[in-house]
Each structure stands twice: as structure tokens, then as C-alpha cells.
There are 2 protein chains.
Amino acid sequence: MNPGLDQTFAALADPTRRAILARLTHGEANVTELAQPFLKSMSLPAITKHLKVLERAGLIVKTRDAQWRQCRLNPNALKDAAEWMDQYRTYWEESLDRLDAYLKGKANEHKK
Amino acid sequence: MNPGLDQTFAALADPTRRAILARLTHGEANVTELAQPFLKSMSLPAITKHLKVLERAGLIVKTRDAQWRQCRLNPNALKDAAEWMDQYRTYWEESLDRLDAYLKGKANEHKK
DNA sequence: TTCAAATAAAACCTATTGGTTAATTAACCG
DNA sequence: CGGTTAATTAACCAATAGGTTTTATTTGAA
């Protein structure tokens, strides 16, 4: 059906990986730079693996620059996931409408 | 940081679970009804497990009705996930702008 | 050409996931 | 009560995920 979404959502389900994505909104970075905030709590190979997950999900792209790999955000996959969720946007908005209506009902009750 | 997102995205990373959510946009359903389209390819307990994942992620709620469990969408979790992704919306829109600019550049080259 | 740095790959371990079948619980109905 | 239906729980299994440490590869620089 939509196999790409499997990998994208799975990649987003990890806080380390979401933090890496957040970091990349501030600009490109290589592996060591990306790893630096996490090295107190995990090893460099762990970060390499996380980056591979993000890459296979299409969330980042890596370009080679001598012995450094520059990583940058690839918004396509995020866009696809967001579009899938947009299917439900009306649903939760309508749900808020119902809450709104409910609260207005309460307010009217109170006036009586 | 935002532990709920872990469970939400993990729950969305499975096509069976996404299909169940899609089904629930058409209205409440009990477990047997939800399971019915999948019973060719997996067992009822498998569906029970998927529903538990969705429930713990806050994506659905189950209410008890005699021996039936009615399930319905709970848009809160989806909303949280969508709001997290909205952080990136400007990023991919700007990326499309860049593509747009690039294509306009190409067009101008062509005119010369 | 040798050294050090950046990164990846390999081998391994444990916990979790997604599935199974079989047994159990809970509720209604004759 | 006894049977049937709805759903969960239990026990199990194979595959994957997320981490480790150790080894290898690639590249720039002395």
C-alpha cells in the first residue's frame, strides 16, 4: 500500500532520531557533529546506525565530503507522512468542534 | 522529552494499524468487525495486540458494551504527532520554494 | 609512506515486536 | 445450568531493533 510510511514512522519513533532531525533544521552537519550531544549516553556506532535508519527512511541525505559525511534534512519523507496525517486533520478538528459545542451547552445550562 | 510521540509514531509504523485507523474514520466498530478484513492473513489475537498498541499510544479508545468492545478514534495523539511535524512544515515548503526558484532559473536560461 | 581522524562494518547481546495456537474469562441466551 | 459468542491472556517462536566493542576502510596531512 504505502510501504514508505512504515519506515518513516518507525524512524520517527525514536527520540534520538527526532533530536537529530531537529538539529538538522539548523543546518547541515557531519556525523561527529551530530553525535556530539549524545556521546555521554551512547557510542558513535549507535549514532551511525540511527543515521542509517533516517537515511533509509528518506528523512535525511548524506553527501560525501572527503572523510566526512555531511547530513542534511530531506523533507520529502516528512512531507509524505504529514500528508498521510492530513487525512485525519478534519477529524480531530471536528472533534474539537464537538468539544466546543459541548462546552457551549454547559455554558447555556449554567445560564438557566 | 516527549515520550508519547515514541509510542504514537511506533504505532503508526504498521500498515495493519494504519488500516484500522482508516477504518475507524467511518465510525465505531468492535474488535470482530475491525478484524474481519484481516482474518485471511492473520489471527484474531494478532488484531487484539494491534489494538492494544493503538490504545496505549492513545490513538483509539475502547469502551465496553456487554461482551463487545467498541473502538473509536481518539484524535488527540494524532493531533500531537501532527503538531510535532508542523515544526517541519515551513522547512519542506521552503524546500519546494527552492525547487520552484531553481525551475524558474532553468526556464530563464532556456529563454536566452 | 606512515599516522591520525572520520566513519562504517562486523560480530555479538538483549529486549521488543509481530505473529502463532491453545486456554481462559465474561456475558448473554435458551 | 449449559452452550455460544466476544475478546483477552498465556506460552511460545522467529525476526528485528538498539545497543555494545572490536576491526576495517578511507582520506588528509606530516
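The residues of the surface near DNA strand D divide into eleven nonpolar, eight polar and three charged. Here Ala, Val, Leu, Ile, Met, Phe, Trp, Tyr, Cys and Pro count as nonpolar, Asp, Glu, Lys and Arg as charged, and the others, Gly among them, as polar. The structure is a predicted model, in which local features need pLDDT of at least 70 and side-chain atom pairs count only at pLDDT 80 or more, while totals for chains, interfaces and linings use all residues. Residues are numbered from 1 along each chain as its sequence is written, and chains are lettered from A and ligands numbered from 1 in the order in which they are written.

In total, 22 residues surround DNA strand D, and the closest are Ser43(A), Ala46(A), Ala66(A), Asn30(B) and Thr32(B). A residue is near a strand if its C-beta atom, placed from the backbone, lies within 6 Å of it. Two or more residues of this surface are given by each of H4 of chain A and helix H3 (31-35), H4 and strand E3 (68-73) of chain B. Helices (H or I, at least four residues) and strands (E, at least two) are DSSP runs, numbered from the N terminus. The largest share of the surface near DNA strand D, five residues, is that of H4(A).

DNA strand C is surrounded by 23 residues, the closest being Asn30(A), Thr32(A), Ser43(B), Ala46(B) and Ala66(B). The elements giving two or more residues to the surface near DNA strand C are helix H3 (31-35), helix H4 (44-56) and strand E3 (68-73) of chain A, together with helix H4 (44-56) of chain B. H4(B) provides the largest share, five residues. By class, the surface near DNA strand C holds eleven nonpolar, eight polar and four charged residues.

Two copies of a chain are related by a rotation about an axis and a shift along it. The same surface serves both copies, as 95% of the contact residues of chain A recur in chain B. Two residues are in contact if their C-beta atoms, placed from the backbone, lie within 7 Å.

The contact takes 22 residues from chain A and 22 residues from chain B. On the side of chain A that touches chain B, helix H1 (3-12), helix H2 (15-24) and helix H5 (75-111) of chain A each give two or more residues. H5(A) gives the most, with eleven residues. This side of chain A comprises 15 nonpolar, two polar and five charged residues.

The largest nonpolar core has 42 residues, and Phe9(A) and Phe9(B) have the most contacts inside it. Such a core is a set of buried Ala, Val, Leu, Ile, Met, Phe, Trp, Tyr and Cys residues joined through C-beta atoms within 7 Å. A residue is buried if 20 or more other C-beta atoms lie within 10 Å of its own, exposed if 12 or fewer, and partly exposed in between, with C-beta atoms placed from the backbone. Leaving out residues up to four places away in sequence, Phe9(A) touches Ala81(A), Phe9(B), Leu12(B) and Ala13(B).

In H2(A), Arg17(A), Arg18(A), Ile20(A) and Leu24(A) are buried. They cover an arc of only 155° around the axis, which puts them on the same side of H2(A); the arc is that of the directions from the helix axis to the C-beta atoms. Leu21(A), also in helix H2 of chain A, counts as partly exposed because it has 19 C-beta neighbours inside 10 Å.
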